[in-house]
Amino acid sequence: MADDAGQDKRKQHRARQSGVKADKKKEKAKKDSNQKEPELTARQRNPKAFAINSAQRAERNFRRKEDLTAKKQHIPVVDQTPDVPPPVLIAIVGPPKVGKTTLIKDLIKSFTRTNVTDIKGPITIVTSKKRRITLLECNNDINSMIDVAKCADLVLLLCDASYGFEMEIFEFLNICQVHGMPKIMGVLTHLDMIKNPKQLRKRKKELKHRFWTEVYDGAKLFYLSGLLHGEYLRNEVKNLGRFISVMKFRPLQWRGAHSYLLVDRLEDVTNTDTVRRNPKCDREVVLYGYVRGVPLKQEHMVHIAGLGDARIDELSVIPDPCPLPGTEKKRSLLEKERLLYAPMSGVGGIVYDKDAVYIELQGSHSHKEKTAEATEQEALVSKLIDKKATMDEQMEEQEFRLFSDAAPIKSKDFKDDAEAYDPEEDSADDSGMDAASSDEENADEFAADDWRGENSEDEEQAEQDSEDASSGDEEYQSLAETAAKNSEESDGEDEEEEQEEEARILASNMSWKTNLAQKARDAFLQRHSESRNLMRLVYGDYNQSERTQQEGKDQEQADDSDEELGGLFRVAAKKQTDLQKDKDIRDKDERCFFEYQGDTSRDWLLDANKALIKNCFVTGKWKASEDAENLLKLDDMSDADSEVYGDFEDLETGEQHSGKPKEEQQEEETVASDTNKRKMTRVEEENLTKTELMAKKLKLKAKFDAEYDNHGEKGAEEDGGRITGDHSFYEDLKAEAQKQSELNKSEFAHLDNELRIQIEGYRAGLYVRLGFKTLPAEFVENFDASYPVLVGALNMTEENVGYVNCKVKKHRWYKKILKTGDPLIVSMGWRRFQTVAIYAKVEDNLRHRYLKYTPNHVTCSMTFWGPITPQNTGFLALQTVRQDQEEMKRLGFRIAATGCVTELDKSSQIMKKLKLVGHPFKIYKNTAFIKNMFHSSLEVAKFEGAKIKTVSGIRGQIKKAHHTPEGSYRATFEDKILLSDIVFCRTWFRVEVPRFYAPITSLLLPPDQKSQWQGMKTLGQLKRERALQNAAQPDSMYTEIVRKPKIFRPLVIPKALQRALPYKDKPKLGPENPREALERVAVVNSPYEQKVSKMMKMIETNYKDKRNRDRNETKQRLKKFRAQKRADEASKMQHQKQLRKKVSRAISKMRGKKNN
């Protein structure tokens, strides 16, 4: 066996070490090593071996490669994503009972390891170190689907695989196509309902290709195979979460020009006493959400979808309730940093506000049974709340009688002057100031658990001294976290531990009294050592909120003439000097309590201290690379114009100018040679002189020019000699877009956050608080978290209302045609509203001709009265948004039409054709008098000079009005007309577009009626509901046309013309004077003639009879012959049939013998 194994093993090839072939290889290797470029590819060493065999095949391959490259290219878009982007909004859309809520719960559990039982409103979670997502469930309502399609970044489209795609999915896809197509991923559920594996594969393939038809080829489609313990499989949900986490999004046109936010929290901050007095009063509402799109500004109006336009009363930034993890480097996201923010779903016990932190403390005491005393207390509080009048008013109305028959004594009649109260203070207390005071008390209660330690008093004092009005939301947030943590730890402790905790809290509350002198000294030194705000000292209160407060205080002062200097200038901040005086007085008072140590703060009047900050100012000496004067000179020196023109002569003065001295050129060459030797350090670059820096710039420019000029040759060498396409244009576009995005990000990066917000606005990614003062009470009372609240900002032009001209096309799946004048629900921009549309057709002369109905499969023009919207903005039209099953079955597909805005104007020019009909009653050659076209001479005067035309095509013109009958006129024609002619006058009159605009207010309806919003009904709907028949108009009825026969007059040729005509053309119709024909004379035969005529009649009768008999006999013979012939044919066929049977039988017997 060993020998066999040795025989099977082949010998390895041994290269020749000597001989002719080995010598050739050694010479070749030596020659290659002596070449200048030894590292050459095979294509470069032997180009003939890689030559093109077929030019057509090479061209085809090149074209295919370029096509694939072009397909991957997209138009570069400037990246407007901020440094901290807002959470990615993911909408889960689908018909009812397809598993939307289950999928959201599983995604939340997969990312945060948290179970959320009640899904309501947006839910924000942190998925990675740089991404957050907001999950939003879209219910089965056309209004919700429209709003979700306008704001969603990614749509998870759920479909029941056992049932197939439903109509709601196709409606939502059409809505997305109109309002900007977001990323769409399909998810198939209920796959476990299909038991047959072959049927399951076939079903998946069918749904995948149908989904690709609607979205695009290759769209991602996920399969959720089934449920396990009420949840989807963990691996499938995790795989879906990975795709969500890494998905990229392209900016959409409408969202890239507008700011918007999805409300994830709502609060009613209206005064409770006002609501108790009038439950239907306008409410003061605060909305919260992440800003998306472009920066949001308070000056712009916003549109709340489902409510209407509103003006922002208050806009401020609050701390992010769901921030991204820290910026320190980590390999993965820690479990404790996986945050979840769902205020509408009741997840999380901490709620952050502008000036307060609300903590929901539901410990073990919340689960105890209520005692009788607690129940009585709740009843007393509820009765107190139900009172319409305040306690003061009730006390004033109290009566007291000394005697039974005495007059009642009221408490308001006896009132001390000392007890009189200021009505302004009372109104201030009613306006909600007590709530602010209670918040301060709550904050003091948590002071014991503050994380700041003993130096907290110093920090509070510093905050009071500073003039910046900061909200302190971060402190409240951390305070709330500490309090919540303590409350959670105290749930499981015993009563003894709780008592010890209370004692420890009381002890820590007294710690603020220790080291008071040391704390006061530190605060005094901190005030002297802190840096000044130079902008505030120079320009005064540059913050918007501070400026408004300062203006209010200035108005309360008596006279501001003292603030003006020379009648032209005004002091920037008057109170700056007063504040400084107060501070100096306070410093003098505090100096007496302790020794002032001057060494901690510098004396800036000394020369040594001045030298430290001398170079911080413009007059100082900066380094060469940053000195303003040097940089300007360098820019002038490196200007391209100076290099192009070189030496020149000033024609006005005659002075000669040289481009560059030779000495400088020699110095530059020496510097360049020195710098070529080694790379300069950062310190050397900072200390370069002007000449050295200029030489460095020129060197870099020459290097760039050399690389740019030889880019094609170098690229060809790098690619190994292959032919490549020119993609420089696309690369330039990408570079330009990248440069613009970097410029946008760096423009405001160095500014203070408050100043940046004032200039730029509230940028995307910030969590803001929007305050509205006059919102309807139904919005708060009927609020339902399952319906999204979308707040979209409006640009300045979009706040106006006017005529909007659109290009529209009826949807091919909509069964009915659209009629002019019927109310139509339009979704355009952020708005959803009902209006009355007029359809028209644009003719060749650009006239908008009125149409009664929309044409099929063709676009037409539509004009309506509505909000001004930018051009090329897509919109969709519906006839109803009610969730009525019978109506949905009747319509099938609810989207009636789609289109885009083409023109914006304050007026409309839709013309309708009108034919005026008249009849002639007098004719004089080419002149005729027409009646029944107008009703008065005034109407005729208005139409003087108008063109008219007869049915036979004779053209004419209206001249003057005629006195009788009223409304008749004189007209001239190009030929003589007849009395039977009908005269038409074609005119055009302008159709007025109805000024009807009604926003859809679905959010004001009760929760059970939010999907039943009903606007203005059509005339047909009203008649059907009231069972009214349409009154027939006589002019519209079809009547039988009775035409009298036309009697033409005989042709009369004048005698003079007859004499001139030749004989053949002269009329030969009879004598010129025909005589009347005489009556016929009766003839009486003789007896002989009578006999002859009688004999002839007898002979003729006999002949006719014989001929009839012959004909009948012939018919009988033919009948008999045909019957005989048919019988012979039948017998013949029978004989042939029998013969065939015999032959077939004989053949079969012969075959049987052969087989045997």
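The entries below follow that order.

**Entry one, the whole chain.** I noted at the start that this is a predicted model. I looked up the secondary structure and found 35 helices and 40 strands in the protein chain. I then checked burial, and of the 1156 residues in the chain, 29% count as buried. For the surface, I wrote down that the chain exposes about 80,600 Å², with carbon and sulfur atoms supplying 52% of that area. Among contacts with a separation of 6 or more, I found that 74% come from residues 24 or more positions apart.

**Entry two, a pair of helices.** I turned to helix 5, residues 100-112, and helix 9, residues 234-246, whose axes lie 10 Å apart at an angle of about 80 degrees. Because angles of 65 to 115 degrees count as roughly perpendicular, I describe helix 5 and helix 9 that way. On the helix 5 side I listed L103, D106, L107, S110 and F111, which meet V237, K238, L240, G241, I244 and S245 in helix 9. I sorted the residues of this contact into 6 nonpolar, 3 polar and 2 charged.

Is Q834 buried or exposed? I found Q834 in strand 28, which covers residues 831-836, and its relative accessibility is 4%, so Q834 counts as buried, the cut-off being under 20%. The side chain of Q834 reaches the backbone nitrogen of M1016 at 2.8 Å. Leaving out residues up to four places away in sequence, I recorded that Q834 touches several residues, including P823, F996, W1013 and M1016.

Technical notes:
Residues are numbered from 1 along each chain as its sequence is written. This is a predicted model: local features need pLDDT of at least 70, side-chain atom pairs count only at pLDDT 80 or more; totals for chains, interfaces and linings use all residues. Side-chain values use heavy atoms; hydrogens and water are left out. Helices (H or I, at least four residues) and strands (E, at least two) are DSSP runs, numbered from the N terminus. Buried means under 20% relative accessible area, exposed over 50%, partly exposed in between (1.4 Å probe, protein chains only). A polar contact is a pair of N or O atoms within 3.5 Å; within protein, one must be able to donate a hydrogen and the other to accept it, and residues adjacent in sequence count only if both atoms are side-chain atoms. Contact means heavy atoms within 4.5 Å. Accessible areas come from the Shrake-Rupley method with a 1.4 Å probe; for residues, only the protein chains shown count as cover. Axes are lines fitted to C-alpha atoms, for helices over the stretch in contact, and angles run from 0 to 180 degrees between N-to-C directions. Angles under 35 degrees count as roughly parallel, over 145 as roughly antiparallel, 65 to 115 as roughly perpendicular and the rest as oblique. Ala, Val, Leu, Ile, Met, Phe, Trp, Tyr, Cys and Pro count as nonpolar, Asp, Glu, Lys and Arg as charged, and the others, Gly among them, as polar.
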